[in-house]
Amino acid sequence: SLAVPSVGAQLCAGEFAQQAVGASSWGFVHLVSGLTVAVAVLNGAAPYLGLKTQATWSVLSNLQVEGGVTNHMLIPAWTQIFGYAAECVTITKSNVPLLQEQHTIVGGTSRLSVFRGFAERNCIQAGIHTGAALCGELPEEEGDVIMPYAIPLVELRRLISAQTMPILQEFFVEYTHCGAPHRFEVQHGVPTKGSDSRLAEAPPWAVRKLLAFRSTAAAPHGARSSSGGGWESSDEAQGLASAE
């Protein structure tokens, strides 16, 4: 004859099943929360690892890690193990609107509320370096589009191969790389002879979709490198303080 489980046994089985489902759900929550924290920490550490400089926690911090140097007081440049921001070029001229408005300085010393007096007494120029594509079309009194400017080579590759060549059939960009002038030109949708073929090759999908790099102020004419990785010039007022 078949044994019929008692009511107590059925209740125990039900409680065991509920506990198993609860434990499984709790484990899933732990997994998701752990991955979320790990991704957040990685995103915050990205500039110091040489991964990316846009959409990170270092916005408005004046952190500079481009060119294989850093102005951070505690974290050295050798932590940039990926090195995407180490190789930079300086854009000097282009007829591509995206590149023409890539580097913008918004605001100024007069817009400061707390440190305005300090900045004026010490002849400090203050501004936020950003991209016109991020802040939209700016009124003349609120922002200045700057050229030349420096940008990591991998970011220039992304801008040219993924965002410019599919749209424009004829364009050019002039830049300096390792101190030498270069010109990349496209005619009838094909790069001309002598153009750097790397700019026509899109970076890997993960780099193209997940990593983004900002532009930075180029070295002024006659400037010398400073100990913090920035630039000092005798022709301009010392103490350029820009939040990037």
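Colleague: Why is Glu87 called partly exposed?

Modeller: Happy to explain, and do keep in mind that this is a predicted model. Glu87 has a relative accessible area of 33%. Buried would need under 20% and exposed over 50%, so Glu87 is partly exposed.

Colleague: And what makes the pair Arg198 and Glu87 a salt bridge?

Modeller: The side chains of Arg198 and Glu87 come to 3.7 Å, N to O. The cut-off is 4 Å between a side-chain nitrogen of Lys or Arg and a carboxyl oxygen of Asp or Glu, so the pair counts as a salt bridge. Arg198 sits in the loop between strand S8 (190-191) and helix H6 (205-210), and Glu87 in the loop between H1 and S1, so the contact ties together parts that are 111 residues apart in sequence. Arg198 is also partly exposed, at 31% relative accessibility.

Colleague: Which residues are linked with Glu87 in a network of salt bridges?

Modeller: Asp196 and Arg198 are linked with Glu87 in that network.

Colleague: How many salt bridges does the structure hold?

Modeller: There are six salt bridges. Another of them joins Arg158 and Glu155, with the closest N and O atoms 2.4 Å apart, which is within the 4 Å cut-off. Arg158 and Glu155 are three residues apart in helix H5 (residues 153-164), so about one helical turn separates them. Both residues of this pair are buried.

Colleague: What about Glu174 and Arg183: what makes that a salt bridge, and are the two residues buried or partly exposed?

Modeller: Their closest N and O atoms are 2.5 Å apart, and that falls within 4 Å. Glu174 has a relative accessible area of 24% and Arg183 has 35%.

Colleague: Why is Thr70 called buried?

Modeller: Thr70 has a relative accessible area of 15%, and buried means under 20%, so Thr70 is buried. Thr70 lies in the loop between helix H1 (7-49) and strand S1 (88-94). The side chain of Thr70 also reaches the backbone nitrogen of His72 at 3.1 Å, inside the 3.5 Å limit for a polar contact.

Colleague: Back to the helix: how do you know that H5 is mostly covered?

Modeller: Of the 12 residues in H5, 10 are buried. Among them are Leu153, Leu156, Leu159 and Ile160. The buried residues of H5 pack against S1, helix H2 (97-100), strand S5 (149-152), strand S6 (171-177), strand S7 (180-187) and H6.

Colleague: Which residues touch the most other members of the largest nonpolar core?

Modeller: That core has 17 residues, and Ile91, Leu99, Leu156, Ile160 and Phe184 touch the most other members. The elements giving two or more residues to this core are S1, S5, H5, S6 and S7, and the largest share, four residues, comes from H5. A second, separate core has seven residues, including Ala46, Leu51, Ala85 and Val207.

Colleague: What is Ile91 in contact with, leaving aside its neighbours within four places in sequence?

Modeller: Its contacts include Met147, Ile151, Leu156 and Val173.

Colleague: Now the strands: how do you know that S7 and S8 pair?

Modeller: Pairing needs at least two bridges, and S7 and S8 have two, in the antiparallel sense, so they qualify. Val186 stands opposite Pro191 in S8. In the turn of this hairpin, His188 has a positive phi of about 55 degrees. S6 and S7 are also antiparallel, over seven bridges, and Phe171 stands opposite Val186 in S7.

Colleague: What makes S8 and S9 edge strands of the sheet?

Modeller: The open sheet has six strands in the order S8-S7-S6-S1-S5-S9, with antiparallel pairing. S8 and strand S9 (216-217) each have a single partner strand, so one side of each is left without a neighbour in the sheet. Further in, S1 and S6 are joined by four bridges, and Lys93 stands opposite Glu174 in S6.

Colleague: And where does H5 pack on the sheet?

Modeller: H5 touches S1, S5, S6 and S7, and its direction makes about 85 degrees with that of S5.

Conventions. Residues numbered from 1 in each chain as written. Predicted model: local features only at pLDDT ≥ 70, side-chain atom pairs only at ≥ 80, totals over all residues. Heavy atoms only, no water. Buried < 20%, exposed > 50% of the residue type's maximum accessible area, 1.4 Å probe, protein only. Polar contact = N/O pair within 3.5 Å; in protein donor to acceptor, adjacent residues only side chain to side chain. Contact = heavy atoms within 4.5 Å. Core = buried A, V, L, I, M, F, W, Y, C linked by side-chain atoms within 4.5 Å. Axes fitted to C-alpha atoms, helices over the stretch in contact; angles between N-to-C directions.
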